[in-house]
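Please find my notes on the model below. They are set out as numbered points, to be read beside the coordinates.

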Amino acid sequence: MARTLQIIERYNAEKIYRLINYIIDLVFCAFMMWFFFLGFLLYQYFVLGTTIEESYDQANINNPLIERILILLMYGLLMFVMEAATKGRSLGKLITGTKVIKTDGSELIITDLLKRNFIRAVPFDQLSFVGNKGWHDHFSDTAVVRIKNFEKAKDLEIDMEMIGVKENL
């Protein structure tokens with residue numbers, strides 16, 4: 001596990017923000033999955049010439065366990081795409097003013113986001129927030145912070161380090 005910077009520990013997003021992020025992202029992902037499913041049905045109907053009922057029967061999975069795993073994987077994939085495209089922010093994080101960052105202060109890379117978002121497919125990941133940190137944050141060495149407070153504190157810390165450093169003119 002990577003070393004966590006104190007500034008990140010101080011400015012972690014509160015659990016209520018994490019819950020709001022989760023609810024917004026879950027609703028958005030459910031809408032997107034429904035939209036893709038509808039697109040699949042319409043493709044089958046207009047391009048392949050099958051009836052809507054036949055298309056629905058082809059897409060229907062009779063095993064609830066496999067269906068649940070596929071939904072969790074699709075949720076992880078959608079969250080990965082959102083966070084990768086916006087450099088650590090999802091729709092929920094954009095609305096609440098939070099962001100995913102590495103706990104050691106380094107830049108997020110694709111493998112960090114892959115790890116973070118596919119750990120979400122682990123059943124009971126949501127219950128891991130009963131403790132201090134969720135599994136998808138813990139195992140990917142990431143944290144969610146309030147951007148405004150974190151950036152202000154980070155700038156102040158940099159300014160404090162610059163005290164006494166001679167400027168080159």
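1. Basis. This is a predicted model, in which local features need pLDDT of at least 70 and side-chain atom pairs count only at pLDDT 80 or more, while totals for chains, interfaces and linings use all residues. Residues are numbered from 1 along each chain as its sequence is written, and side-chain values use heavy atoms, with hydrogens and water left out.

2. Confidence. The protein chain has an average pLDDT (the predictor's confidence in each residue, from 0 to 100) of 84, and 92% of the residues score at least 70. Helices and strands here are DSSP runs numbered from the N terminus, helices being H or I of at least four residues and strands E of at least two. Among the elements of the protein chain, the lowest mean pLDDT, 76, belongs to helix H3 (residues 52-59), and the highest, 95, to helix H5 (residues 91-96). Where pLDDT is low, the predicted coordinates should not be read in detail.

3. Strand pair. Strands E1 (residues 98-102) and E2 pair in the antiparallel sense over five bridges; pairing requires that DSSP finds at least two bridges between the strands. Isoleucine 101 has alanine 143 in E2 as its bridge partner, and lysine 102 has threonine 142. Four of the five residues of E2 (residues 142-146) are buried, and four of the five in E1 are buried as well. Buried means under 20% relative accessible area, exposed over 50%, and partly exposed in between, with a 1.4 Å probe and protein chains only.

4. Nonpolar cores. A core is a set of buried Ala, Val, Leu, Ile, Met, Phe, Trp, Tyr and Cys residues joined through side-chain atoms within 4.5 Å. The largest has seven residues: Ile7, Ile8, Ile101, Ala143, Val145, Phe150 and Ala153. Helix H1 (6-10), E2 and helix H8 (147-162) each supply at least two residues of this core. Apart from this core lies another of six residues, including Cys29, Met33, Tyr75 and Met82. Leaving aside its neighbours within four places in sequence, alanine 153 is in contact (heavy atoms within 4.5 Å) with Ile7 and Tyr11.

5. How are H2 and H4 oriented to one another? Helix H2 (residues 15-46) packs with H4 at an angle of about 110 degrees, their axes 10 Å apart. H2 is therefore roughly perpendicular to H4. Axes are lines fitted to C-alpha atoms, for helices over the stretch in contact, and angles run from 0 to 180 degrees between N-to-C directions. Angles under 35 degrees count as roughly parallel, over 145 as roughly antiparallel, 65 to 115 as roughly perpendicular and the rest as oblique. The H2 residues that meet H4 include Phe28, Cys29 and Met33, and those of H4 include Tyr75 and Met82.

6. Positive phi. Lysine 87, in the loop between helix H4 (64-85) and H5, has phi near 55 degrees, a positive value in a residue other than glycine. Lysine 87 is exposed, at 66% relative accessibility. Aspartate 141, in the loop between helix H7 (135-138) and E2, also is not a glycine and has a positive phi of about 55 degrees. Aspartate 141 is buried, with a relative accessible area of 15%.

7. Glutamate 151. This residue is in helix H8 and is partly exposed at 32% relative accessibility. The C-alpha atoms of glutamate 151 and leucine 42 are separated by 46 Å.
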